[in-house]
Amino acid sequence: MSRVTYSIKESFSQMWRNKGMYFTTIAAMTAMMLILGLFFVAFVNVNMFTQEIEKDYNVIQVYMGEKNDDVANQEVQQQLQAITGVDSLEFVSKDQALQNLKERWGDNAYLLDNLKTNPLPDSFMVYVNDKDSASTVANQASSITGVDDVVFYQDTIDKLAKVTHFIEVGSMVCMIFLVVVSIIIVANTIKLTVFNKAKEIGIMKYLGATDSFVRAPFVLSGMFIGLFSALISTGLIYFIYTKIIEVLGTDIAKIVSVSLVPAMDLVGFILATFAGLGVGIGIIGSFISIARFLRK
Amino acid sequence: MIEFDNVTKNYGGNTGLNNATVHIHRGDFVFLVGPSGAGKTTFIRLILKELEPDSGTITVAGKDITHLKRREIPHLRQKIGMVFQDFRLLEKKTVYENVAFAMEVVHKSKKEIAERVPYVLNLVDIADKADRYPHELSAGEQQRVGIARAIANQPRVLICDEPTGNLDPVTAMDIMKLLEQINIRGTTIVMVTHAKDIVDRMGKRVVAIENGRIVRDEEGAYGFIQEDEVKNFSHGNLSSYDEGLSFDYLEEVEKYV
Ligand SMILES: Nc1ncnc2c1ncn2[C@@H]1O[C@H](COP(=O)(O)OP(=O)(O)OP(=O)(O)O)[C@@H](O)[C@H]1O
Ligand SMILES: [Mg+2]
């Protein structure tokens, strides 16, 4: 029998003999991977949403006050053009704005037909050269007399950045927790298996078995724990996420014109990452638990 | 085959072995005797590289193992067969599997194992019980399996730590005959024992250790019983004697009391 076959056979037989313990270990590791995975899914979506918004980041909308007229508009236009960093301007009249809104609302546009007066103000779309100068441009634009309100996406992006950051930190903490706790759990499970086989290991060493050969079945068991946990947790994440998309996905698309990242795009990455993480944890955990035994 | 030159090994304040020099040659059959705590097991553990000597040099099969690297230890141990007082068979494996296990763990081929295991089981005269489990065997039979396992990989040296310690005198002598046969076939044997009758009957080389020192090294008998041992014995102080003491020895002691 080759060493590899021998080790794999040994590994499976020892897992089978302690199946309850191995099942619990896999369940615990799966749960932690599940949490980590959901953090990741949330992170990817918020990140994509942020990027979508950043595309419009070079546009600042400058709304005129109520009592403006063509002269005032003219004046504001000149002052806007004078601001450094402004690339071009586009005037949107209040009629134009209403028209645009009707188009956006489509089938529901009839609701706007009953309006006696057009509540929308005249506005300028100000395009900036450089995204970084957007906030200075916005500041200067808002101080121009006749300008009522300045809207650009800085605030939203700042808020989103905070959310992204929170998710990032959360994932990090979760990840460290996952790794440390998993290593401890795996090490403990393997250690119990090692204890069960203490006599056998002792004899093997007298017979001249190498450390790596003695270690192999235990390391393999550790790796299997990681691998099974990765497979199960990825499966669960896929299932949960497709359900979320089913329920929420279309509604979200209506509101913010951004759809959720398709589940299939994430599954491969999650599986590969978790498999690597799980196998790594398994190897470290099993090495720790058998190291002291081999030293004797 | 095994050479100890001025080897000293202390455990903290305890003496394990004190400046011991012993040369064991290929084909020798050597008894290692001495009171409990003398340093016999220490001697064996040094051969197996379970312990590092404080000073001196140790050579096994022509190789200086005094400062052997950790990863070279398995290779050393493959040249040495171990037989234990408590047999140390794996309860969940049959006789055949126990012996085959010894070969599997050093990566012998299926074919080699299939040829060699029946051969050694035959040699130790236990072939008819190949499919039994250890608990279905008598102590003497279990020790035969222990010996079969120890010689499965054709070691150069067989080290036996009180192999007859758990056996009655008759079974013990059977085991000794078996070890002698193995020795005649060329395997060097080092055997730790407290059984005076066995040592006397075999008439082999005897190395006596006391307090970590080699106090005697000669062919023949276990040696005369020292007066203080007799005194200890007469006062009922058995602590310095293992169960391995045979009846003959007890009778001998009683004569002195
Ligand atoms: N791991 C250890 N730590 C400390 N002292 C030890 C250790 N192993 C052995 N000793 C001491 O070293 C001395 C020699 O012990 P050793 O086991 O070699 O004796 P022995 O001749 O095999 O005795 P026995 O016949 O009882 O088996 C004893 O005094 C013992 O207490
Ligand atoms: Mg001893």
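Trainee: Which residues of helix 5 of chain B are buried?
Mentor: B:Gly140, B:Glu141, B:Gln142, B:Gln143, B:Arg144, B:Val145, B:Gly146, B:Ile147, B:Ala148, B:Arg149, B:Ala150 and B:Ile151. Buried means under 20% relative accessible area, exposed over 50%, partly exposed in between (1.4 Å probe, protein chains only). This is a predicted model: local features need pLDDT of at least 70, side-chain atom pairs 80 or more, while totals for chains, interfaces and linings use all residues. Residues count from 1 along each chain as written, chains are lettered from A and ligands numbered from 1 in written order, and side-chain values use heavy atoms without hydrogens or water.

Trainee: Why is helix 5 of chain B called largely enclosed?
Mentor: Because 12 of its 13 residues are buried.

Trainee: What makes helix 3 of chain B roughly parallel to helix 5 of chain B?
Mentor: Their axes come within 8 Å and cross at roughly 25°. Axes are lines fitted to C-alpha atoms over the stretch in contact, with angles from 0 to 180 degrees between N-to-C directions. Under 35 degrees is roughly parallel, over 145 roughly antiparallel, 65 to 115 roughly perpendicular, the rest oblique. So helix 3 of chain B counts as roughly parallel to helix 5 of chain B.

Trainee: Which residues make that contact?
Mentor: Contact means heavy atoms within 4.5 Å. B:Val95, B:Asn98, B:Val99 and B:Ala102 of helix 3 meet B:Val145, B:Ala148 and B:Arg149 of helix 5.

Conventions
Helix = DSSP H or I, 4+ residues; strand = E, 2+ residues; numbered from the N terminus.
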